[in-house]
Amino acid sequence: MQQEAISQARISTSTSSGGTSSMEPETMLDELPLELLVAVLIAAGAWRPESPSPPQDGGSEGVGRGHRQQGQGRRAPVVSPLSVCRAWRDVLTSSPVFMSGLLVVAHGGSRERALVGACAMGHLAAARHILTLEEDEEHGGGAPRADCMHGQALVSACTNGHEPVVRLLLGFPHHAPHCSCSDGDALVGAARGGYTSIVARLLEGGADAACQDGEAVLEAAGGGHAPCLTLLLAALPAGAEWEAEQALVYAAGGGHDAVVRVLLEAGLPEDVLTADASNGEALVAACRGSHDVCVRTILGWPQHAPHADVRSGAALLAACSSGEDAVVRTLLGWQQHAPRADVDSGAALLAACRGGHEMVVRTLLGWPQHAPRANVGSGAALVAAANGGHEGHEAVVRTLVEWPESEFRAECLSEALVAAARIGAEGTARLLLGSSEHADCQDGRVLIAAAEGGSEPLVQLLLFAYPQHTTSCDWGALLAAAARAGHEPIVRLLLECGGRGSGSGSDCGALMEAATHGHAPIVRLLLGVPHAVRADCADGEALIRGARSGHLEIVRMLLQSPRHAPSANSQRGGALVAAASGGDAKHECATREREAIVHLLLDSPDAPRADCMAGEALVGAAMRGHAGILRLLLRRWPHDARRRLPVLMRLASQKARSQGLGSSYRAVVELLDAWAPEEETADRLALLRIS
């Protein structure tokens, strides 16, 4: 019977073409463990194959695992990895011997840790079996104690809510763990999970409800477990020190109204807990969490209720920031000590606008008493709304600009427009552009901000529909802004838009920005358009910036430019010094690219001298810990400058020591030792000892 099942499993994992498998030998080897697992299951009497699916289309042939064999009228049982896993799961979970053995093996032979694992899983039978294991003559050790590892088995069972396992451990006849083991971790874990029956069992067994400065109470309050909290409060010893006020704040912040009521109804002394404790912090926490029910409970508490305008309107500010309109209305409409809608010079409106909460904004602006003006704070609310989120809070901006009697100054509208353009909020920017004739910036700041934000449709809109933004715009600054941010489509659009600035010095700034920030496609675009900017503009400044930033592709692109390529010796070797002195040796990939730049510069036809600029490249490489670059420079050091080399190397060693580059510094010093004269070897060894 077993052989027949194994044969069926083997057949079902092959194809049906001619009764032979079409799998490669490697695939057959991969399938072998599945058959072995099935064989073990069959030997254990635990294999129950899945029922085969009914044949489709009346065909006699199937493809793949579980299909009908060719020429047969019945289908083999399905053997799939999922069915095998399910069978093994059933075997392991149903057999305490299997389970406990696997746990012992999985924990490196430690029976104590295996017991903890079984308790964490809630496997009662496995835990009982491990507790009754006999002495192992081969490996030594018998059954673990029920309180082993300072009661970690009990802690794991309580934390995961396995009450049967908890009863097993606490009722074990030998070495049962104490309910307060591990400084009360078991009680804290049960309270965190809200396991009321386990908490009751531990408290009955002598667990200290005030353990860890009342951590169990805080966990129950923060998790909203009112029944657990009731048990813990009743078991607290008189005069126990615990953070009652913090528990109330946790409960209110989590919106657990039942827990708030349990705490306030517990009859605690006034010096321990009141509804207005910590200057109304619980009310502020409830407002911050947008929990209107808790807010009403705390404000309406009969004794020591906090004022709705507590801490100069802190609760209202928290509610406006969170955006819950019901809480805002509750505070503003409270019968006594209600906060003003324009509290703190419109700070509440500003918070709501910054968060994009349109309903709250409308509530504040339309409140019957002391409503703030839409242009409060010189239009700060409008700017905050335009600059909020990823796309700006368009609905809030529309509410502000369309609110009756909301006259915004041109400067405010312009500032909001710039803010929206900078984050690419096209919809908000269109709204502001159409809101007033004064919403413009004569210096082109909006267009530059849109280029930085990367919104090509907005840039097109400004270029073609609002020409006043381009007439006085610094075209070079505009192109440089788009290049700096890496927005190639916008750079292309600007170059194609009338050619303003093309081929002039205005494009040089864009080339330098793209080279600095490593935007190779933009560099290629700037160098490839008709009337392109010269690659050697500004005396090769783009080459120097690209070398300083370590962008090999850009340096190669500039040096190999077919038109006006910069000299590798631009600015008396500035590119070489920049490449050697930049970066950080801690980043190996960037360092290798920087070494390639130095190699490329030194191999150029018009290569700079290795000792250019009084040897600054050598000193800079030592300071940055670039041992590879240092080796290149020493190999290319001119013979006519050998006399200056010892002085430069002494300076380089001092600079490297001052940087404290660790292993990179050691490599630099060792390299300098190999090239230093004999009389200076002692100095180098001293530097090595410092490292």
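What percentage of the 691 residues of the protein chain count as buried? The share is 47%, where buried means under 20% relative accessible area with a 1.4 Å probe, counting protein chains only. Keep in mind that this is a predicted model, in which local features need pLDDT of at least 70, side-chain atom pairs count only at pLDDT 80 or more, and totals for chains, interfaces and linings use all residues. Residues are numbered from 1 along each chain as its sequence is written, and side-chain values use heavy atoms, leaving out hydrogens and water.

Let's start with the whole chain. Its secondary structure is made of 39 helices and zero strands; helices (H or I, at least four residues) and strands (E, at least two) are DSSP runs, numbered from the N terminus. A contact means heavy atoms within 4.5 Å. Among contacts between residues at least 6 apart in sequence, 71% join residues at least 24 apart.

Now look at helix H23, residues 410-422. Its 13 residues should span 18 Å at 1.5 Å a residue, and its end C-alpha atoms are 18 Å apart, so the two agree; the expected span is 1.5 Å times one less than the number of residues. Buried residues in H23 include Cys412, Leu413 and Val418. Among the elements covering the buried residues of H23 are helix H21 (376-386) and helix H24 (426-433). Just after H23, glycine 424 takes a positive phi of about 75 degrees.

Finally, find leucine 400. Not counting residues up to four places away in sequence, Leu400 touches Cys353, Val361, Leu365, Ala374, Ala381, Leu382, Ala385, Ser406 and Phe408.

Technical notes:
Buried means under 20% relative accessible area, exposed over 50%, partly exposed in between (1.4 Å probe, protein chains only).
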